[in-house]
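Student: I have a model open on my screen and would like to learn how to read it. Could you walk me through a few features?

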Amino acid sequence: MFADKDISKFNNIETPFYYYDTDLLQETLHTCATAAAPYKFHIHYALKANFNAVLLNQIKEIGFGADCVSAGEVRRAVEVGFDNKKIVFAGVGKSDKEINEALDLDIFCFNVESIQELAVLNELAGKKGKIAQVAIRINPNVDAHTHHNITTGLDENKFGINSWDLPECAETLNASPNLKFIGIHFHIGSQITNLDVYKNLCVRVNEFAAWFEDKGFSLKVLNVGGGLGIDYYHPDHQIPDFKSYFKIFNEFLTVKPGQEVHFELGRALVGQSASLITRVLYIKNGKKKNFVVLDAGMTELMRPALYQAYHKIENLSKTPNSKLQTPNLIKYDIVGPICESTDCFGKEVEQPESFRGDIFAIRSAGAYGEVMASKYNLRDAIRSVYSYEI
Ligand SMILES: Cc1ncc(COP(=O)(O)O)c(C=O)c1O
Ligand SMILES: N[C@@H](CCCC[NH3+])C(=O)O
């Protein structure tokens, strides 16, 4: 990301900001599309990972659809120009207002997460004289082997319809004239790095598909969600292994003629394409600890504070790229300016001796970074800079 860049240009830009490498994003999207093509898999980009319009434009151009989790995201996808027939809307708590808006925008499919939601959607679609296409999000009770805060497919999670409720769900579908049942949907969690987990998911999807087919339903769509992780420890030149990922679904999923397999990838597509660029405000050398105080904090990148998530931290002013060489390595707690003790990007992180004014990069921040920023402490809105601008 920074290898062939004159990062001294960052010195003249007000920090903090997200720096997006749009070439890397393009390469990642292309690699994903090429890996999915032989199987004719359909890719929907999960906007929740990042709804920055510059990125969305690139993603739309490659032909992917959009996976949305609020009416705001559906609206954003439509505004950016995603084909509304490629927009899906999931979410455990869709409000009536949101459902109505998505009905008006004639999206491809509602991924429905409860039996009550089916009834509400049927009623609201009926009032508009519309037929809403639905997929049932099923909780498959498959362990994603990821951080417990970002696991979504276990019995204790709030997402999806549980297997023991499927008979009632089938009855409700049969009694809902304003719904067209087109498929089943799953999403077991995020930042999944053990691909074997997806084999287990495929086994469950096959079982659920057989169950619905036995009941006389035909399924056009098998939506297996997203969750493919990225390597936060090696952010350079790391495009996720889309080939191996799709190969698993090709091998383990039973796909009938005419059926479509849909994916909802977020992090894997955008995660490595951004860094949070921030400047050292102060160095505090204590008896027990040395602190680097940055001008970015948990308000700009919440993941470390929220999930104890690891992001690689680099002092760009001291990389081989820079004229300055400081071999002296020191362990720092790298903290932000926010009035919270959890406002910390990393503890005891070894860095070259750092000084006020040094530029730091917090890597792999393209997914769940800018979009999770907050105004806490009445912070300024975070800015974005794109590789084609500098
Ligand atoms: C329903 C659904 N689909 C897709 C995604 C995208 O996940 P990821 O960014 O891990 O690929 C999420 C987020 O976890 C989700 O909840
Ligand atoms: N926001 C999470 C991922 C949640 C994915 C959406 N269910 C993260 O930063 O890793």
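Tutor: Let's go from the overall shape to helix pairs, the backbone and the ligand. Keep in mind that this is a predicted model.

Student: Where do I begin? How many helices and strands does the protein chain have?

Tutor: Start with an inventory: the protein chain contains 10 helices and 17 strands.

Student: Now helix packing. At what angle do α1 and α2 pack?

Tutor: Look at the axis angle, then the distance, then the residues that touch. Helix α1 (residues 22-36) and helix α2 (residues 53-61) pack at about 30°, and their axes are 10 Å apart. Angles under 35 degrees count as roughly parallel, so α1 is roughly parallel to α2. Their crossing is right-handed. On the α1 side, Thr22, Leu25, Gln26 and Leu29 meet Leu55, Gln58 and Ile59 of α2. That contact has 4 nonpolar, 3 polar and no charged residues.

Student: Let me try another pair. How do the axes of α5 and α6 cross?

Tutor: For helix α5 (residues 115-127) and helix α6 (residues 166-174), the axes come within 10 Å and cross at roughly 5°. These two helices are therefore roughly parallel to each other. Here Ile115, Leu118 and Ala119 from α5 meet Glu168, Cys169, Thr172 and Leu173 from α6. By class, this contact has 5 nonpolar, 1 polar and 1 charged residues.

Student: What should I look for in the backbone itself? Is the peptide bond from Thr15 to Pro16 cis or trans?

Tutor: Check omega for peptide bonds and phi for individual residues. The Thr15 to Pro16 bond is cis, with omega near -5°, and Pro16 sits in the segment before β1 (17-20). As for phi, Asp106 has a positive value of about 50° although it is not a glycine. Asp106 belongs to the loop between α4 (96-104) and β5 (109-112).

Student: Last one: which residues come nearest to ligand 1?

Tutor: With a ligand, list the neighbours, then ask where they come from and what class they are. Of the 18 residues around ligand 1, Ala46, Ser190, Gly226, Gly266 and Arg267 come nearest. The elements giving two or more residues to this shell are β10 (260-265) and α9 (267-270). By class, the shell divides into 7 nonpolar, 7 polar and 4 charged residues.

How values were computed:
Residues are numbered from 1 along each chain as its sequence is written. Chains are lettered from A and ligands numbered from 1 in the order in which they are written. This is a predicted model: local features need pLDDT of at least 70, side-chain atom pairs count only at pLDDT 80 or more; totals for chains, interfaces and linings use all residues. Axes are lines fitted to C-alpha atoms, for helices over the stretch in contact, and angles run from 0 to 180 degrees between N-to-C directions. Helices (H or I, at least four residues) and strands (E, at least two) are DSSP runs, numbered from the N terminus. Angles under 35 degrees count as roughly parallel, over 145 as roughly antiparallel, 65 to 115 as roughly perpendicular and the rest as oblique. A crossing is left-handed if the near helix is turned anticlockwise from the far one by less than a right angle, and right-handed if clockwise. Two residues are in contact if their C-beta atoms, placed from the backbone, lie within 7 Å. Ala, Val, Leu, Ile, Met, Phe, Trp, Tyr, Cys and Pro count as nonpolar, Asp, Glu, Lys and Arg as charged, and the others, Gly among them, as polar. A residue is near a molecule or strand if its C-beta atom, placed from the backbone, lies within 6 Å of it.
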